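My notes follow as numbered points, with the model beside them.

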Amino acid sequence: MGYLFSLLGALLFGANGSLTKVVIQGGLTPLQLTQFRVLGCCVIAGAVLLVVDRGAFRLTRRQVVVMAVLGVFGVAVLQASYAAAIQLLPVGIALLFEYTAVLFVALIAFLFLHEKVKARLWVAIVAVLIGLAVVAQVWASSLDGLGILFALVASASLTTYFLVGERQVGATSPLAVAFWTMLFASVFWAFFSGWWQLSPSLFSSPVSLSGNLAAVVVPLWVPLAGNVVFGTFLSFLFSFLALKHLTATAAGITASSEVIFAFAVAFLWLGEGLTAVQLVGAALVLVGIILAQTARANKVVDADLALSPALP
């Protein structure tokens with residue numbers, strides 16, 4: 001189930017890239033959109049917890065600190081640095097550098113956490129990174145140094161997200177983790193997103209869905225709501241659920257399929273196609289994911305927590 005949750009989260013994250021383009025074209029800045037994403041996810045998760053698990057609102061002082069670290073450095077900084085990176089780099093290139101996090105997670109797990117990994121897992125990491133490089137066609141791009149720096153910051157943030165998230169999910173439900181991390185991310189972004197500059201009328205303004213759906217025109221709040229519910233709340237929830245079953249290394253490798261899903265949805269929706277070489281890279285990434293599945297290490301957290309009646 002862990003790989004299924006991880007792939008669902010990656011699918012929603014990947015598809016959300018195209019949806020994000022539509023929302024930004026409608027008039028929101030990337031920072032304003034991020035503020036709505038994390039705040040909306042926080043509100044939805046909090047509303048569900050009020051019904052199914054009110055005890056999730058009670059945290060120890062240590063848990064508050066961990067949630068703050070995960071929310072700021074594992075969620076808010078990740079989105080901020082990635083948004084900055086894609087302003088200076090092609091999206092695929094930025095994702096390639098961001099997903100070097102799977103290598104950092106494996107190295108930290110092996111060198112510092114004394115986690116046993118099978119040799120094929122390292123082969124999987126290499127396959128994923130090479131595949132992402134081919135998909136992004138790094139040899140055909142002129143890379144901006146500052147953009148690479150931002151992407152590496154995103155990689156460090158993603159590493160924090162997987163390592164801290166893996167252990168914190170073992171102490172509480174994934175839904176509670178989603179609520180608290182998004183709450184801290186919302187507070188963080190409230191000071192920098194420029195939400196106060198928005199006009200309420202903007203949300204009812206018409207926006208085209210672009211690409212093959214260009215003829216469809218909806219109010220801006222419609223794709224924004226989809227971005228919050230599907231691209232943020234459900235995608236993060238699936239991601240945390242995956243960490244209930246998988247180690248950070250395995251979850252990180254599987255989640256990298258987000259790049260493949262992003263390209264696929266962009267092709268079907270926006271008409272942004274893949275070359276034959278990129279298709280080879282995509283296949284290599286999928287091979288790496290399969291290798292990771294067969295090299296699954298012992299679970300770090302208790303799988304019984306994933307069956308808690310507190311979860312929806």
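1. **Ground rules.** Please keep in mind that this is a predicted model, in which local features need pLDDT of at least 70 and side-chain atom pairs count only at pLDDT 80 or more, while totals for chains, interfaces and linings use all residues. Residues are numbered from 1 along each chain as its sequence is written, and side-chain values use heavy atoms, with hydrogens and water left out.

2. **Confidence.** The mean pLDDT (the predictor's confidence in each residue, from 0 to 100) is 79 for the protein chain, and 86% of the residues score at least 70. Confidence is highest in β2, at 94, and lowest in helix α10 (residues 248-255), at a mean of 67. Residues 298-312 have a pLDDT below 50, and this stretch has 28 contacts in the model beyond near neighbours in sequence; contact means heavy atoms within 4.5 Å. Where pLDDT is low, the predicted coordinates should not be read in detail.

3. **Burial and surface.** Of the 312 residues in the protein chain, 52% count as buried. The cut-offs are under 20% relative accessible area for buried, over 50% for exposed, and partly exposed in between (1.4 Å probe, protein chains only). The protein chain exposes about 13600 Å², with carbon and sulfur atoms supplying 73% of that area; accessible areas come from the Shrake-Rupley method with a 1.4 Å probe, and for residues only the protein chains shown count as cover.

4. Taking the contacts in the protein chain with a separation of 6 or more, 86% join residues 24 or more positions apart. The next points give some individual cases.

5. **Helix α8.** Ala-185 sits in α8 (residues 174-190) and counts as buried because its relative accessible area is 0%. Gly-71 is 114 residues away along the chain, yet the two C-alpha atoms are separated by 5.0 Å. Setting aside neighbours within four places in sequence, Ala-185 contacts Val-38, Gly-71, Val-75 and Ala-76. Trp-180 is also in helix α8 and is buried, at 13% relative accessible area. From Trp-180 to Met-67 the C-alpha distance is 6.1 Å, across 113 residues of sequence. Not counting residues up to four places away, Trp-180 touches Ala-56, Phe-57, Leu-59 and Met-67.

6. **Thr-34.** This residue belongs to helix α2 (residues 30-52). With a relative accessible area of 6%, Thr-34 is buried. Beyond residues up to four places away in sequence, Thr-34 touches Gln-79 and Trp-189.

7. **Thr-254.** Which helix holds Thr-254? Thr-254 is found in α10, the helix where confidence is lowest in the protein chain. Its relative accessible area of 0% makes Thr-254 buried. Apart from neighbours within four places in sequence, Thr-254 is in contact with Tyr-3, Ser-6, Leu-7, Ala-10 and Ile-289.

8. **Helix α11.** The 13 residues of α11 (residues 258-270) should span 18 Å at 1.5 Å a residue, and the end C-alpha atoms are 17 Å apart, which agrees; the expected span is 1.5 Å times one less than the number of residues. Buried residues of α11 are Glu-258, Val-259, Ile-260, Ala-262, Val-265, Ala-266, Trp-269 and Leu-270. After α11 comes Gly-271, with a positive phi near 75°.

9. **Ser-210.** Although Ser-210 is not a glycine, its phi is positive, at about 70°. Ser-210 is in the loop between β1 (206-208) and β2 (217-219), and it counts as buried because its relative accessibility is 15%.

10. **A nonpolar surface patch.** Phe-104, Leu-107, Phe-110, Leu-111, Phe-112 and Leu-113 form a nonpolar patch on the surface, together holding about 570 Å² of accessible area. Patches are made of residues with over 30% relative accessible area and no salt bridge, joining like charges within 9 Å and nonpolar side chains (Val, Leu, Ile, Met, Phe, Trp, Tyr) within 5 Å; a salt bridge is a side-chain nitrogen of Lys or Arg within 4 Å of a carboxyl oxygen of Asp or Glu. Leu-107 lies in helix α5 (residues 101-111) and counts as partly exposed, at 32% relative accessibility.

Key
Helix = DSSP H or I, 4+ residues; strand = E, 2+ residues; numbered from the N terminus.
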